[in-house]
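Thanks for coming, everyone. I will walk through one model today. Please have the sequence and the view open.

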Amino acid sequence: MNRLRLRTDQDFLKAWVVSKRVPFPACSQVGKGDAVIGVIDAPQKSRYRKRRSDLTISRRDPDHMTAKYSGIDGYVGNTPLIRLRRVSELTGCEILGKAEFMNPAGSVKDRAAYGIITDAEAAGRLKPGATIVEGTAGNTGIGLAVIGRARGYRAVIVIPNNQSPEKMHLLRTLGAEVKAVPEKPYKDPENYNHIARRLAEERGWFWANQFDNTANRDAHYRSTGPEIWKQTEGKVSSFVAAVGTGGTLAGVSSYLKEQNPKIQIVCSDPYGAAMWSWFTNGNLETNDGDSIAEGIGQGRVTKNIEGIEVDRAYRIPDQSGLTIVYHLLREEGLFLGLSSGINVAGAVRFAKESGPGQTIVTVLCDSGHKYQSTLFNRDWLASNHLDPDLPLESILGS
Ligand code: PMP
């Protein structure tokens with residue numbers, strides 16, 4: 001009989017995997033077909049049982065999950081903080097991603113949607129059965145539709161008509177009424193945001209106004225910031241995020257700076273947006289290219305961004321973000337959109353510039369599902385001069 005000494009965790013796992021006929025913990029013999037390849041003695045068995053009992057299925061906070069029962073709207077936030085292994089190893093820092101794609105409606109915007117709705121309820125501006133209207137190209141609309149449904153509100157989403165049919169279809173499936181309007185710049189009165197505001201005024205609906213309603217950043221100040229502080233046991237040394245409305249960057253940075261003013265706040269801006277110029281030079285110049293990233297890229301100082309303290313800003317090329325997105329998909333099992341890639345690329349750049357030993361937190365904003373026809377379509381990538389096969393090392397110098 002072949003005897004296999006089980007010394008390491010790996011050996012225990014192998015023993016478990018090859019044990020097809022009898023589950024290992026119930027039997028001292030581990031078999032593969034008829035060939036017995038190992039016998040486990042009693043002390044080994046009890047060590048294994050102990051290790052197994054330490055394993056948990058979810059790393060979500062069990063107190064939060066079981067303290068009291070709630071509908072889906074009660075489970076926004078408390079997302080895991082995921083260690084990004086390769087980029088951490090390559091930089092000598094702990095680079096951690098807040099898994100916002102695990103929120104009920106699938107993105108970081110669930111927090112804003114929840115925060116805006118509960119704030120309006122508290123102020124008496126949302127009555128049962130009311131209609132919420134918002135101008136949005138994506139995740140906020142999805143969050144408002146889902147959380148709105150759970151709390152008994154109807155959502156009307158005004159969206160530029162150049163957005164993908166998948167998004168409009170998804171919003172309608174989730175129960176929102178979708179009004180597709182021609183794409184116009186913000187200064188044009190026919191811009192989708194202004195249309196949403198006018199609809200609210202004319203029909204007595206509630207306008208969520210994610211860009212300038214500071215209930216958005218307050219939601220991050222009250223939830224995302226404290227979660228990061230607690231999850232890192234106060235070790236977080238920097239936080240990196242791109243800006244859409246600015247709610248995430250503003251809320252998290254305000255909370256973290258209050259805990260420890262030395263924590264470095266970094267804005268990871270796509271090309272074509274004005275936040276890099278704003279935080280670096282104090283102006284809104286944007287004459288430098290474009291980005292295909294959805295949900296980020298801001299050209300003005302929203303009410304959510306006003307007055308925040310940002311220590312450093314980077315412009316991140318789409319290609320760097322895409323290289324990260326494909327690396328995380330292929331090597332770490334994370335299926336993400338491009339804003340997450342731009343955030344992680346910013347975190348890597350900050351780690352390289354500032355040296356090893358830091359704990360850098362960034363945001364994994366949404367999953368790749370909504371981008372199957374774009375980011376995960378080779379023809380589409382080629383037509384946008386983007387290459388999904390560049391090695392991770394290629395971005396370390398960028
Ligand atoms: N990534 C994605 C995919 C988003 O939809 C958004 C929100 N528009 C962001 C990042 C940025 O979040 P915030 O609005 O809080 O700046």
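Let's start with His-220, which lies in helix H9. Helices here are DSSP runs of H or I with at least four residues, strands are runs of E with at least two, and both are numbered from the N terminus. Before going on, a word on the source: this is a predicted model, where local features need pLDDT of at least 70, side-chain atom pairs count only at pLDDT 80 or more, and totals for chains, interfaces and linings use all residues. Residues are numbered from 1 along each chain as its sequence is written, and side-chain values use heavy atoms, with hydrogens and water left out.

Is His-220 buried or exposed? His-220 counts as buried, at 1% relative accessibility. The cut-offs: buried is under 20% relative accessible area, exposed is over 50%, and partly exposed is in between, with a 1.4 Å probe and protein chains only. Now take His-220 and Tyr-255. They are 35 residues apart along the chain, and their C-alpha atoms are separated by 8.5 Å.

Next, the rings. A pair of aromatic rings is described by the distance of the centres and the angle of the planes. The rule takes rings of Phe, Tyr and Trp (its six-membered ring) with centres within 6.5 Å; planes under 30 degrees apart are stacked, over 60 edge-to-face, and the rest tilted. That rule gives 3 aromatic pairs. One of them is Tyr-221 with Tyr-255: the centres are 5.7 Å apart and the planes stand at 75°, so this pair is edge-to-face. Tyr-221 sits in helix H9 (residues 215-231) and Tyr-255 in helix H10 (residues 247-259), so the pair ties together parts 34 residues apart in sequence. Tyr-221 is partly exposed, at 29% relative accessible area. Tyr-255 is buried, at 15%.

Elsewhere, Tyr-326, Phe-335 and Phe-376 form one aromatic cluster.

**The ligand**

How many residues surround the ligand? There are 15, and the closest are Lys-109, Gly-244, Thr-245, Thr-248 and Ser-339. To be near, a residue needs a heavy atom within 4 Å. By class, that shell holds 4 nonpolar, 8 polar and 3 charged residues. Nonpolar covers Ala, Val, Leu, Ile, Met, Phe, Trp, Tyr, Cys and Pro; charged covers Asp, Glu, Lys and Arg; the others, Gly among them, are polar.

Thr-248 places a polar side-chain atom 2.6 Å from one. For Asn-139, a polar side-chain atom lies at 2.9 Å. Gly-246 uses a backbone N or O atom, also at 2.9 Å. Taken alone, the ligand exposes 400 Å², and the protein buries 93% of that.

Most residues other than glycine have a negative phi. Where does Glu-233 sit? Glu-233 is in the loop between H9 and strand S9 (238-241). Its phi is positive, near 50°. Glu-233 is exposed, with a relative accessible area of 64%.

His-385 has a positive phi too, about 55°, although it is not a glycine. His-385 is placed in the segment after helix H14 (378-383). This residue is exposed, at 72%.

Ile-195 is found in helix H8 (residues 192-203). Ile-195 is buried, with a relative accessible area of 16%.

Conventions. A polar contact is a pair of N or O atoms within 3.5 Å; within protein, one must be able to donate a hydrogen and the other to accept it, and residues adjacent in sequence count only if both atoms are side-chain atoms. Accessible areas come from the Shrake-Rupley method with a 1.4 Å probe; for residues, only the protein chains shown count as cover.
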